[in-house]
Amino acid sequence: GALVAAWQSARAFDPKLRAAMRVIARDETRHAALAWRVDAWARGCLSGDERASLDAIRDREVQALREEVRRPTEARRRALGFPCGDDAQRLVAACTQGLWQEARA
């Protein structure tokens, strides 16, 4: 959510929407940071099998996200500033290779 909101804050057609998305992006970034801290704490309480199960669930959700980002139409993308096509795939890949891989460490 934080990543898409930040993307939209720079690319949405309507300046008011871009401004609103900047506020939302900051808020979503704070939520994401809290979620990662909770994740790090919770992973320390789990067994190896439980962490592996959590990783498998996360992998399925990342795949679902990859499918979802292929859906926005060009008109919606332009108006709302949604990433789509190759841009969306690069954003998901960056999260997969960066944030989500670090969570497994």
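Which exposed residues does the face of α3 turned away from its buried side carry? The third legend gives the reply.

**Figure 1. Overview of the predicted protein chain.** This is a predicted model, in which local features need pLDDT of at least 70, side-chain atom pairs count only at pLDDT 80 or more, and totals for chains, interfaces and linings use all residues. Residues are numbered from 1 along each chain as its sequence is written, and side-chain values use heavy atoms, with hydrogens and water left out. The protein chain has 5 helices and 0 strands, where helices (H or I, at least four residues) and strands (E, at least two) are DSSP runs numbered from the N terminus. Along the sequence the pattern is α-α-α-α-α. Of the 105 residues, 24% count as buried; buried means under 20% relative accessible area, exposed over 50%, and partly exposed in between, with a 1.4 Å probe and protein chains only.

**Figure 2. Confidence along the protein chain.** The predictor's confidence in each residue is given as pLDDT, from 0 to 100. Its mean over the protein chain is 84, and 84% of the residues reach 70 or more. Confidence is highest in helix α2 (residues 15–44), at a mean of 93, and lowest in helix α4 (residues 74–80), at 68.

**Figure 3. Two faces of helix α3.** Helix α3 (residues 48–68) has 21 residues. From its first C-alpha to its last it reaches 30 Å, close to the 30 Å expected at 1.5 Å a residue; the expected span is 1.5 Å times one less than the number of residues. The buried residues of α3 are D55, R58 and V62. Seen down the axis of α3, these buried residues fall within an arc of 65°, so they line one face of the helix. The arc is that of the directions from the helix axis to the C-beta atoms. An α-helix has 3.6 residues a turn, so residues three or four places apart point the same way. The face turned away from the buried side carries the exposed residues D49, R60 and E61.

**Figure 4. Crossing of helices α1 and α2.** The axes of helix α1 (residues 2–11) and α2 come within 8 Å and cross at roughly 160°. Axes are lines fitted to C-alpha atoms, for helices over the stretch in contact, and angles run from 0 to 180 degrees between N-to-C directions. α1 and α2 are therefore roughly antiparallel to each other, a term for angles over 145 degrees. Their crossing is left-handed, meaning that the near helix is turned anticlockwise from the far one by less than a right angle.

Figure 5. R30 is in helix α2 and counts as exposed, at 53% relative accessibility. V4 belongs to helix α1 and counts as partly exposed at 28% relative accessibility. Its C-alpha atom is separated from that of P83, 79 residues apart along the chain, by 7.2 Å.

Technical notes
Angles under 35 degrees count as roughly parallel, over 145 as roughly antiparallel, 65 to 115 as roughly perpendicular and the rest as oblique.
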